Amino acid sequence: MTGVRERFGARRRQAVARRSVRRLGLPRRLTLPALLARAESTLGKPIRLRTADLPGDLSARFIQRADHALLETRPDLSERSRVACVLHELAHVFLADPGCDHQAYTGLLTGRTAFTRSLDTPHEQAVELVADELALRIGLLDPDDREPGIFR
Amino acid sequence: MTLHVWGSIPVWVILTVLVVRLLLVRTQSASVTWLMACCGFVAVGLTINQPDVTTFLAGVTHVPNIADLVGRCLMVCGMFALAQSVEAAARSAKLLRVSRIVVCVVVLLTLVVLFTMVDAPTPTAQFMTVYGDQLPTALYSAVEMTYIAVVIARSAAAVLRGFRSGDGLGRMYWLFVVGAVGLVLLAAIAIALDAVHVAGVDGAVRVLSTVYAPVFLLSMVLLAVGAAGGVLPDAAREFRDWRDTRHRFRSLEPELRRLEAASGHTGLYFTIAWQRRQWRSRLHRLAVEIEDRAREAGQDVPAAATLTTARLRELS
């Protein structure tokens, strides 16, 4: 019975993530730069991507400053993981998260608010599901040899 | 078997392949989903036109030639689905285009109204041959054929644009274009046939009827093979990828469990009730979480979990 309830809960969380992305009104297909531009427009300021040595086992963080935002990822990530991290932070932006979930890290930041890619809270897990939906939109999961097209 | 049933065979073949692919792999693009709907509507719409079905439906509904109306309405719906399939392939697809839906509904309503005006008291699978000398019957057929011609011509034009813009459409798509030209020609023949039938020019009716059958059959075969040229190679590759991915799940899931234990952290992978159609998302999540846990545990990422693709490099 517990297993059934868990499966049902998991399906519901995925459905909520799908709905969140659908509500953004994004094109069915878009590129990562186009998604980034959309996030900048949602945020109202430019987002600069860069790699940086991050404390502990943090894989990414998002720092908001007055006139721009910084999206930092660790330099030793694989490309897949890096893009997944970027999508996670952009998911926070699209969900209009008001601040940082991770008080432990705030002392390390020069900005006002921050998000990190960690899955230690239910909210972070929900954000990760939204990031997975965004991965589908930008074609991150598409195979190499197939472009979408007529009858394909 | 009637001519239309013969014409439905290539469409049934494509539909069967698409259904088998969907049952196994569970993933397909919106364009293929609409193509599947198109094949379903067209195959049933053509198959319905045979004596047994005609008699059965007439007995059930007490409308002698309801099968013909249903068949034509299904053909119109099939063409609508074809237009949607082509639209869905565009990067910024607008599938809920009001004008397209309104036109389809108007065509369907017009068919129903004109059908009620035809004096056709006896069920027949040769509706146009038997009742084609009436003006409402000619208009009824002409409305359907015009809609088919317009949709198929627009679809062929979209394929041609795809060739010009280098969308990587294979040579088989040319068969679709030739088949579409054949279907437009067929629509012209059908409308001319309707006109001469009403006018009572029997010689012209005989000549046009003779041309109608081969053009119809050839067009259906070319359209089906042309559409299959896009779908089938892709279906085969998708099946191969799905099978390889299942092997990866079997080998990488124990790795993730081991790394979760070593790092003392868990992710989402084992909490998600994965559906079969989500195999690509599942593989992505597996790869990402293995890397996260390996880093946290201070271990190397297993080589099999490194999924670098050319597309990924493009994104980066």
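A: Let's start in chain B: the centres of domain 1 of chain B and domain 2 of chain B, taken over C-alpha atoms, are 45 Å apart. This is a predicted model, so local features need pLDDT of at least 70 and side-chain atom pairs count only at pLDDT 80 or more, while totals for chains, interfaces and linings use all residues. Residues are numbered from 1 along each chain as its sequence is written, and chains are lettered from A and ligands numbered from 1 in the order in which they are written.

The assignment puts residues 3-239 of chain B in domain 1 and 240-315 in domain 2; such bounds come from an automatic or database domain assignment. Where the two touch, each domain of chain B puts in seven residues (contact here is C-beta atoms, placed from the backbone, within 7 Å). On the domain 1 side, α9(B) gives the largest share, four residues. Helices are DSSP runs of H or I with at least four residues, strands are E runs of at least two, and both are numbered from the N terminus. By class, that domain 1 side has three nonpolar, one polar and three charged residues. Nonpolar covers Ala, Val, Leu, Ile, Met, Phe, Trp, Tyr, Cys and Pro; charged covers Asp, Glu, Lys and Arg; the others, Gly among them, are polar.

Now for the packing. The largest nonpolar core has 66 residues, and those with the most contacts inside it are B:Val11, B:Leu35, B:Cys39, B:Met79, B:Ile148 and B:Ala227. A core like this is a set of buried Ala, Val, Leu, Ile, Met, Phe, Trp, Tyr and Cys residues joined through C-beta atoms within 7 Å. Buried means 20 or more other C-beta atoms within 10 Å of a residue's own, exposed means 12 or fewer, and partly exposed is in between, with C-beta atoms placed from the backbone. Elements giving two or more residues to this core include α1 (3-25), α2 (30-47), α7 (135-164) and α9 (202-263) of chain B. The largest share, twelve residues, comes from α4(B). As for B:Met79, leaving aside neighbours within four places in sequence, this residue touches B:Tyr147, B:Ile148, B:Val151 and B:Ile152. There's also a second, separate core of 45 residues, with B:Leu283, B:Leu286, B:Val288 and B:Ala305 among them.

How far can you trust chain B? Chain B averages a pLDDT of 89, with 96% of the residues at 70 or above; pLDDT is the predictor's confidence in each residue, from 0 to 100. The model as a whole scores ipTM 0.84 and pTM 0.73.

Finally, the partner. Chain B brings 47 residues into contact with 38 residues of chain A. On the chain A side, α1 (2-23), α3 (79-94) and α5 (122-137) each supply at least two residues, and α3(A) has the largest share, six. That side of chain A divides into 15 nonpolar, seven polar and 16 charged residues. Chain A averages a pLDDT of 81, with 80% of the residues at 70 or above.
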